[in-house]
Structure formats: C-alpha cells, structure tokens
Amino acid sequence: MSQILTTQEITSLDNSENIIAPKKSYKIILNEDKVITTVSDIAPYYNLSNYIKLFIDDIKDNDLIMIPDSVDEESLNIIIGFIEVYSKSNQYKINEATNEFKIEISKPIRNEDKLRDQIGTENYSYIRSQIFSRRIFKKILNAAMCLDVPILIEMICAKIAI
C-alpha cells in the first residue's frame, strides 16, 4: 500500500528508519527559560550546527534545543539569521567528498572581492553588516565555536585574515 504525502509531513530527522512522521517544530531556548525562536524547518540548523545535531540525534529533549549560558541572545539571533541566509544561498550544498555541509575557501585570501566570490554575495553581506560593521566578530566567533557552526567560523576567520 503506497502512502501519499502531504505538505504537513516530512521524513523525521530523529527516525533512523526514515518513516514518514508529522512535521515537528523545535524551540530554541536560551538559559533554560527564554524561547528565542521556534523552528519548523530544522534541517538547515541540523546540517550546519553540530551542537544542534547532537540535541536532535542524542538528547531528544521534548523538541527543545537548549543553548548554553556562554551564548547570549544577540549572538544567538545573529547565528540564527546567518543560518537562514546561508541555507537559501547557492553555497548551501553537501560536500560530496566528505558527505558534510562545508564551505571551501581557498587560502590565502587576497582581498574581499575574492572572499565574496567564494562565499557568495548574500553570505558576505550578512557577515559584513551584522558582524563586522558592529565590531562584534570576537563575540560571534566564540558563540559559533560553542554551537559548533564550522561554516560561520570559517567565514569569520577568512574575513579576519583579509
């Protein structure tokens, strides 16, 4: 018997047998009490943050993703914004050699134009306007390291290197 899927159903990320399950939404919580956002499409967060992947795969805490105290609300909102921008960009694709979501930035980076070409205009504009123009790149870099978002870490480090 075949099953017809509706737009309200997706393959559950936490089901290894890929059985169709109702679409879940996850709450991203800061300091165990403040809901920052509710995410219905968890795939970009799962693909780009190894910390969030750990919560979904191993912890399974009632669809809650608890963010550590070392990450503040401003940093978390910037990282959430980055994931949203990056997931809609042309660079959001799996690296077939490693079977992971990674970005390849050739080194050394000689100038900002080369970096923009490699990471995409929308990603470059986001990190430039939200992170570097506000002079909070150290704080965001620390938060990205805490949440294990290697693509954002790589982009910030490349921008610093320029």
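What span should the twelve residues of helix 7 (residues 150-161) have at 1.5 Å a residue, and how far apart are its end C-alpha atoms? The expected span, 1.5 Å times one less than the number of residues, is 16 Å, and the end C-alpha atoms are 16 Å apart, so the two agree. Helices (H or I, at least four residues) and strands (E, at least two) are DSSP runs numbered from the N terminus.

The model is predicted: local features need pLDDT of at least 70 and side-chain atom pairs count only at pLDDT 80 or more, while totals for chains, interfaces and linings use all residues. Residues are numbered from 1 along each chain as its sequence is written, and side-chain values use heavy atoms, with hydrogens and water left out.

Helix 7 has as its buried residues Ile151, Leu152, Ile153, Met155, Ile156, Ala158 and Lys159; buried means under 20% relative accessible area, exposed over 50%, and partly exposed in between (1.4 Å probe, protein chains only). These buried residues pack against helix 1 (43-48), helix 3 (73-87), strand 7 (100-101), helix 4 (112-119), helix 5 (121-132) and helix 6 (137-146), where contact means heavy atoms within 4.5 Å.

Not counting residues up to four places away in sequence, Leu76 touches Ile28, Leu30, Ile36, Ile67, Val71 and Leu147.

Leu76 also lines the second largest cavity, as do Ile28, Tyr45, Ser49, Ile52, Ile79, Ile80, Ile83, Leu147 and Val149. Helix 3 again gives the most to this lining, with four residues. About 50 Å³ of space lies in this cavity.

Two further residues may be considered in turn. Ile65, in strand 5 (residues 64-67), is buried because its relative accessible area is 1%. Leaving aside neighbours within four places in sequence, Ile65 is in contact with Tyr26, Lys27, Ile28, Ile29, Ile42, Ile52 and Phe55. Asp57 lies in helix 2 (residues 50-59) and counts as partly exposed because its relative accessibility is 29%. The C-alpha atoms of Asp57 and Tyr46, eleven residues apart along the chain, are separated by 9.3 Å.

Methods: 1 Å grid on protein atoms, 1.4 Å probe; cavity = no way out; pocket = protein on both sides within 12 Å on 5 of 7 lines; lining within 4 Å. Points joined across faces, edges and corners; volume = space filled by probe spheres on them.
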